[in-house]
Amino acid sequence: MRRFSLRSPLTFSLASLNFLENPAPILEKMREAGAIIPLKIPMIGRIWVTTTYAATEDVMKGRTSFFLEGQSVGKSKSAQMPWWIPKGMRLIAANMLNKDEPDHMRLRKLVDQAFRRQGIREMRPTIERKALLVLNKAPPAEFDLIKHFARTLPLETISDLLGVSAAHRDAFAHEAGKISDVSSITKILGTLVALKRLISLVRQLISEARRNPQPGLLSEMLASRDGGDQLSEDELIAMVFLLLFAGMETTTNLIAGSVWALHQAPEQKAWLLADIENRRETAVEELSRHVSSVTGSKPRYVGHDMQLHGQNLSRGERIMALPIAANYDPSRFDNPAVLKLDRFPNPHLSYAAGIHFCLGLQLARIEVQAALEVIYREFPNLTCSAPKYLKRPGSRTVKEMWIKTN
Ligand code: HEM
């Protein structure tokens, strides 16, 4: 049976404000249509998406059936390279999230150690201190949480982890901030200029780290590269970009989304604040599920003709797993649209599953826990206005969210 065809995509939009502001009713309609449905997504094109927990998990875990690299299915391009990235800048996409095995594992092994649970736990006091420092610099009374806190904390944290010197952080923040919006040709041009500057900044960082090694992942990766590992200079640059981009905006959006979700559920917020030290871990799991800041995975190629959850898929077609669809599937979560901070167990797929499961999930959890602790300790009576989302598929990217501190 072939229920749908990519030639006739359904009209649901993952980038519409309706979806970004209130995804549950649209996800329900998508699920009613089928577990795997065809959409036409801006900047991505015609693609299958998953709408249930089971289908999402199958695509995420199907390492022999779904591929990121085009050559695995006889294509020249990777499944998700945006058409607007010029050839000269494509090196930044040579990262593990765009690779199949064995290259993926080779790259992941180089940084795995740095992201181990224990090591990341030890960063908690530093992250908490930094969170307070950043928040104390915000304007009094009323400010944009994204601009003055939620964007800075993840950038500072990854910069610490990499060992980026203070001298370069402002430049990073400045250029990186321009990269997220690719919703029009003019914005794409701005993004390309920023990308070019960032690539040369990273090259500069690498040559400084080579001349004068500092504690941090960058010097460690350089040492292993120069010590004979096959990590090329381009792969090293790509790794830095991946860590910056996979780890910054995702966390920013989860911090903002969490504050908004708690604002809308005051009894849940009160429950959390009554014993935040003991409740923060379960609470942040539920916030990760409920906010689902990453709505879709990178597109994958279908490796061979197959029937999956009642839908025929053909080799070479593309498919995206939607963590948000899994997280809102009522067959897996009771009342998924409701925020229940003590939800347990909570097998959400916000950080993916399978070989590409999020490398930074421990770091993200601790950052968000620290962010919430500091925000509510400093401003227990804060109120906030609704987040303003960028109309982009794949993530719930908050461009602005104002809070009043008393
Ligand atoms: C709320 C925060 C975060 C969320 C929701 C999130 C979510 C995800 C998801 C869904 C994937 C899989 C994507 C796919 O398969 O297409 C992923 C992969 C990845 N994430 Fe995260 N992430 C977060 C924070 C971070 C942080 C803080 C870092 C590191 C500093 C990070 C580094 C990575 C890397 C390196 C990968 C690729 C892993 C691989 O290909 O093996 N993430 N993340």
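Reply: The buried residues of H8 are Thr152, Leu153, Pro154, Leu155, Glu156, Thr157, Ile158, Ser159, Leu161 and Leu162. Buried means that 20 or more other C-beta atoms, placed from the backbone, lie within 10 Å of the residue's own; helices are DSSP runs of H or I of at least four residues, numbered from the N terminus. This is a predicted model, in which local features need pLDDT of at least 70, side-chain atom pairs count only at pLDDT 80 or more, and totals for chains, interfaces and linings use all residues. Residues are numbered from 1 along each chain as its sequence is written.

Me: How many residues of helix H8 are buried?

Reply: Helix H8 covers residues 152-162 and is mostly covered. Of its eleven residues, the number buried is ten.

Me: Which word describes how H6 and H8 lie to each other?

Reply: The axes of H6 (residues 124-136) and H8 come within 10 Å and cross at roughly 140°. Axes are lines fitted to C-alpha atoms over the stretch in contact, with angles from 0 to 180 degrees between N-to-C directions. Angles under 35 degrees count as roughly parallel, over 145 as roughly antiparallel, 65 to 115 as roughly perpendicular and the rest as oblique. H6 and H8 are therefore oblique.

Me: Which residues of H8 make the contact with H6?

Reply: Two residues are in contact if their C-beta atoms, placed from the backbone, lie within 7 Å. H6 contributes Thr126, Ile127, Lys130, Ala131 and Val134. From H8 come Thr152, Leu153, Glu156, Thr157 and Asp160.

Me: Which residue follows H8?

Reply: The residue after H8 has a positive phi, near 85°. This residue is Gly163.

Technical notes
Buried ≥ 20, exposed ≤ 12 C-beta atoms within 10 Å, placed from the backbone. Helix = DSSP H or I, 4+ residues; strand = E, 2+ residues; numbered from the N terminus.
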